[in-house]
Amino acid sequence: MDTRQARAEIGIHVSGPAERESYWQPVPANGYIDVALAPHIVGMQLPFAMGTQNVAPGGYVREHTHEENEEAIFVIEGHGRAVIDGRDYPMEPGTTVFLPMGVRHMFVNEGATDLRWVWLINPNGLEDFFRLIGRPRAPGDKVPVNFPRPENVLEIERATVFGAQPEDQRKPDAN
């Protein structure tokens with residue numbers, strides 16, 4: 001499965017929130033993501049991707065790993081928790097999380113408002129996953145009814161930046 005988009009030319013890129021790619025996300029995260037930087041947006045010598053993710057109240061990013069990627073998260077709004085290798089860490093504005101390759105993790109919104117963070121992944125590929133499982137979003141769009149992940153989500157995960165799904169994958173309420 002070829003998931004990557006063509007690379008842009010190396011150069012300078014500046015964009016505002018209304019100019020970014022944005023995708024509604026399926027259950028269980030719901031919410032949406034924006035892609036601010038990725039090699040198909042602006043060429044780069046050392047390809048990475050960066051954007052924001054909003055997880056709706058009660059939503060979560062299921063437990064997963066990245067076998068060949070390092071990930072950084074910086075929380076800008078909301079409250080929840082990161083579960084990293086089975087251990088809970090509070091997430092609130094200003095929290096920074098660094099995840100080396102192969103570390104199991106999930107993010108849970110336990111607040112009454114969106115949990116929002118900046119994500120950075122190196123090398124890139126997470127932006128391709130978001131595009132392939134999500135639905136295009138434009139500023140001002142109404143929040144859609146929750147929708148399921150694609151039936152081939154595991155194939156999409158493996159073709160982008162995800163490790164194999166853990167057989168004993170944890171749920172947000174079980175640690």
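Four strands form an open sheet in the order β4-β9-β6-β7, with antiparallel pairing. Because β4 (60–64) and β7 (87–91) stand at the edges with a single partner strand each, one side of each has no neighbour in the sheet. Neighbouring strands of this sheet are turned against each other by 20° on average, direction ignored; the axes behind such angles are lines fitted to C-alpha atoms, for helices over the stretch in contact, and angles run from 0 to 180 degrees between N-to-C directions.

The model is predicted: local features need pLDDT of at least 70 and side-chain atom pairs count only at pLDDT 80 or more, while totals for chains, interfaces and linings use all residues. Residues are numbered from 1 along each chain as its sequence is written, and side-chain values use heavy atoms, with hydrogens and water left out.

**Strands and their pairing**

- Helices (H or I, at least four residues) and strands (E, at least two) are DSSP runs, numbered from the N terminus.
- Two strands pair if DSSP finds at least two bridges between them.
- Strand β5 (residues 70–77) pairs with strand β10 (residues 115–122) in the antiparallel sense over seven bridges; the bridge partner of V75 in β10 is W117.
- Strand β5 also pairs with strand β8 (residues 96–99), in the antiparallel sense over four bridges, and I73 has V97 in β8 as its bridge partner.

**Buried residues**

- Buried means under 20% relative accessible area, exposed over 50%, and partly exposed in between (1.4 Å probe, protein chains only).
- R81 is found in strand β6 (residues 80–84) and counts as buried because its relative accessibility is 11%.
- The side chains of R81 and E110 are joined by a polar contact of 2.5 Å. A polar contact is a pair of N or O atoms within 3.5 Å; within protein, one must be able to donate a hydrogen and the other to accept it, and residues adjacent in sequence count only if both atoms are side-chain atoms.
- Helix α1 (residues 126–133) has six of its eight residues buried, so the helix is largely enclosed by the rest of the structure.
- The buried residues of α1 are L126, E127, D128, F129, F130 and I133.

**Salt bridges**

- Side chains of opposite charge can pair when their charged atoms come close.
- A search of the whole structure finds eleven salt bridges, each being a side-chain nitrogen of Lys or Arg within 4 Å of a carboxyl oxygen of Asp or Glu.
- R137 and D34 meet through their side chains in a salt bridge (3.6 Å, N to O). R137 lies in the loop between β11 (135–136) and α2 (153–159) and D34 in strand β2 (residues 32–37), so the pair ties together parts that are 103 residues apart in sequence. D34 is buried, with a relative accessible area of 8%.
- In the salt bridge between E157 and R62, the closest N and O atoms are 2.5 Å apart. Because E157 lies in helix α2 and R62 in strand β4, this pair ties together parts 95 residues apart in sequence. Both E157 and R62 are buried.
- A salt bridge also joins the side chains of E63 and R104 (2.7 Å, N to O). E63 in strand β4 and R104 in the loop between β8 and β9 (105–109) are 41 residues apart, and the pair links distant parts of the chain. E63 and R104 are both buried.
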